[in-house]
2 protein chains.
Amino acid sequence: MNIGIASEKTGLPSKTIRYYEDIGLVRPARTDNGYRDYSASDIHRLKFLQRSRSLGFSVDECRQLLSLYQDRARDSADVKAIAEARLVEIDRKIAELNGLRHLLHHLVEHCHGNDRPDCPIIDELAGEGLVQ
Amino acid sequence: MNIGIASEKTGLPSKTIRYYEDIGLVRPARTDNGYRDYSASDIHRLKFLQRSRSLGFSVDECRQLLSLYQDRARDSADVKAIAEARLVEIDRKIAELNGLRHLLHHLVEHCHGNDRPDCPIIDELAGEGLVQ
DNA sequence: CTTGACCTTCCAGCTACTGGAGCCCTTAGA
DNA sequence: TCTAAGGGCTCCAGTAGCTGGAAGGTCAAG
């Protein structure tokens with residue numbers, strides 16, 4: 001199966017699929033003319049990667065998850081640990097963004113947004129602001 | 001004022017300050033020995049950048065904000081527009097992360113996390129999962 | 001005179017791709 | 001049989017925003 005079809009089946013751009021090969025996440029066969037030839041199990045692997053990435057796992061975490069996936073004797077605890085670490089990270093990020101959102105919203109609300117120069121947002125950035 | 005002191009005063013690493021000079025955000029004088037020499041107004045600019053960056057503005061937005069800051073005849077509306085765009089982006093990101101968090105939390109909750117291989121997280125990633 | 005803490009420049013690397021150039025292969029139509 | 005379109009291939013460079021490190025210059029203290 002050519003890379004274009006693999007791309008359609010997995011929802012990953014061809015460029016990305018080649019990249020995943022570069023970094024050793026997938027190893028398709030090659031046909032005589034040098035084209036990559038994806039098997040059903042390659043497609044499965046790529047879909048696994050697509051889903052993992054879209055759940056926010058880093059490429060390196062995906063690598064670990066893939067190897068746990070292949071490992072019939074894995075401990076589910078190992079998978080859970082990776083997912084929980086991700087969850088903690090996501091929570092941290094959400095909290096950070098909520099903090100920013102709060103500050104920024106506060107500033108935006110106090111800015112008239114007209115044709116005059118006085119602006120609490122700029123004042124804040126300049127260190128003469130609303131927020132202590 | 002040497003870069004080390006500027007770093008202390010602004011909370012930005014020296015490397016970052018040099019980088020900001022590279023991309024034209026700040027232009028310190030030089031002393032005879034070739035050392036960068038930061039004036040009070042350079043420090044002010046750097047602090048402005050530090051605050052803007054920590055509020056989540058991109059370097060390019062910081063550039064725009066800085067030039068609005070210098071512009072005594074600015075319209076506060078222009079500043080507000082940049083901040084509002086940032087706010088929209090932050091909200092989008094928060095929503096995305098909340099979605100991920102929800103999914104991942106759901107999966108983690110259903111994983112026993114023991115020494116057995118069966119794991120709904122892996123199943124989900126493999127496309128045989130809980131989530132439709 | 002030496003030591004150590006600074007400073008300088010330049011180059012490479014990080015994440016996870018993405019775009020583009022320049023080329024080859026295959027297939028359908030004129 | 002020629003040609004054009006639409007794949008595919010490799011390799012190189014660029015994205016954001018730094019960060020680390022090498023190799024060297026400068027300065028103040030002891």
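1. Which residue of chain B forms a salt bridge with A:Arg101, and how far apart are the closest N and O atoms? The partner of A:Arg101 is B:Asp91, with the closest N and O atoms 2.9 Å apart, where a salt bridge is a side-chain nitrogen of Lys or Arg within 4 Å of a carboxyl oxygen of Asp or Glu. The count of salt bridges between chain A and chain B is two.

2. This is a predicted model, in which local features need pLDDT of at least 70 and side-chain atom pairs count only at pLDDT 80 or more, while totals for chains, interfaces and linings use all residues. Residues are numbered from 1 along each chain as its sequence is written, chains are lettered from A in the order in which they are written, and side-chain values use heavy atoms, with hydrogens and water left out.

3. Between the two chains, 52 residues of chain A are in contact (heavy atoms within 4.5 Å) with 52 residues of chain B. Together they bury about 4,400 Å², of which 72% is on carbon and sulfur atoms; this buried area is the accessible area (1.4 Å probe) that two parts lose on being put together, summed over both.

4. Leaving aside neighbours within four places in sequence, B:Ile121 is in contact with residues of both chains, namely A:Val79, A:Lys80 and A:Ala83 together with B:Leu107, B:Val108 and B:Cys111.
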